[in-house]
Amino acid sequence: MTGALDSLLQRPDLWRGRQGPAVSVGVVPTGWPGRDRALPGGGWPQEGLVEVLARHAGIGEVSLLLPALARLVGQGRRTAWVDPPHVPYAPALMGGGLDLSRLLVVRAAGDVFWAAEQVLRSGACGAVLAWPRERPADDRTLRRLQLAAEEGRTLGIVFRSHRHADVPSPARLRLLLEPSRQGLAVRLLKCRGRGPSGSLLVPVE
C-alpha cells in the first residue's frame, strides 16, 4: 500500500491542497497601473499559468502583454512563443521595447501543449506564450502546464477560444478579451487570491 501511495504522489497531474501559509508569488508589472491594482500583488504572476481567452487572434492580445515581456527581457530573460498563428511583427515588438535577440519562436512539430510544457519546466525563459489550435485542452493538460510553470518559475500564457470561458481551469489567472472602440476590454474571470473584479479597458495601439 505504501508503495502504491508513493507512486501516486509522484504523479505530475495530482493536485494536493496547500498546508500552512500560502506561498508568495512574485509579479511582473503589466504596464498599466489600473490593471496592476486589480491583480493580486500588482501584476502578472511571475510563475504560473495565465489563460487569455478571445474570439479570435489579432485583437491586441500581444500588445496587452508586451510591457511585461519587455521588462522580463530587460532583466536578461528570454521569451518563447510556441506555435504563434502569425509571424511576430518585428517593428511593433521592437517599438514596444522587446529585444528580438531574446525572442525564441518554437514551431511544434506535434503537440503544442507538450512543447510548451517542456519549455516551461526548463526554466530557460521568463515567459512562454503558446497558441494551441489543433486540439482542446482538458483539465489534466492545463494542470500539467500550471505545474510546469511553477517548477520552472516561469510565466506561462496560453491563448484559447472564448468558448472555454465557462469551463473551470487550474490556471492562476484567466482573462476574457473583447475588442472595444476605445481599445481592449479585459474581463477577469479568475484571479487566484482574489475574486473576479469586473472589466478593465486597456488602450491598444
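Select aspartate 83, in the loop between β4 and α4 (90-95); helices here are DSSP runs of H or I with at least four residues, strands are runs of E with at least two, and both are numbered from the N terminus. The model is predicted: local features need pLDDT of at least 70, side-chain atom pairs count only at pLDDT 80 or more, and totals for chains, interfaces and linings use all residues. Residues are numbered from 1 along each chain as its sequence is written, and side-chain values use heavy atoms, with hydrogens and water left out.

Aspartate 83 is not a glycine, yet its phi is positive, near 55°. Its relative accessible area is 14%, so it is buried (under 20%; exposed is over 50% and partly exposed lies in between, with a 1.4 Å probe and protein chains only).

Next, select arginine 153, in the loop between α6 and β7. Here too phi is positive in a residue other than glycine, at about 50°. Arginine 153 is exposed, with a relative accessible area of 58%.

Now move to helix α5, residues 112-122. Start with aspartate 111: one of its side-chain oxygens comes within 2.9 Å of the backbone nitrogen of phenylalanine 113, at the start of α5. This is a polar contact (a pair of N or O atoms within 3.5 Å; within protein, one must be able to donate a hydrogen and the other to accept it, and residues adjacent in sequence count only if both atoms are side-chain atoms).

Along α5, show Val112, Phe113, Ala115, Ala116, Glu117, Val119 and Leu120, which are buried. Their cover includes β4 (79-82), β6 (127-130), α6 (139-152) and β7 (155-161). Finish at glycine 123, which follows α5 and has a positive phi near 70°.

Methods: Contact = heavy atoms within 4.5 Å.
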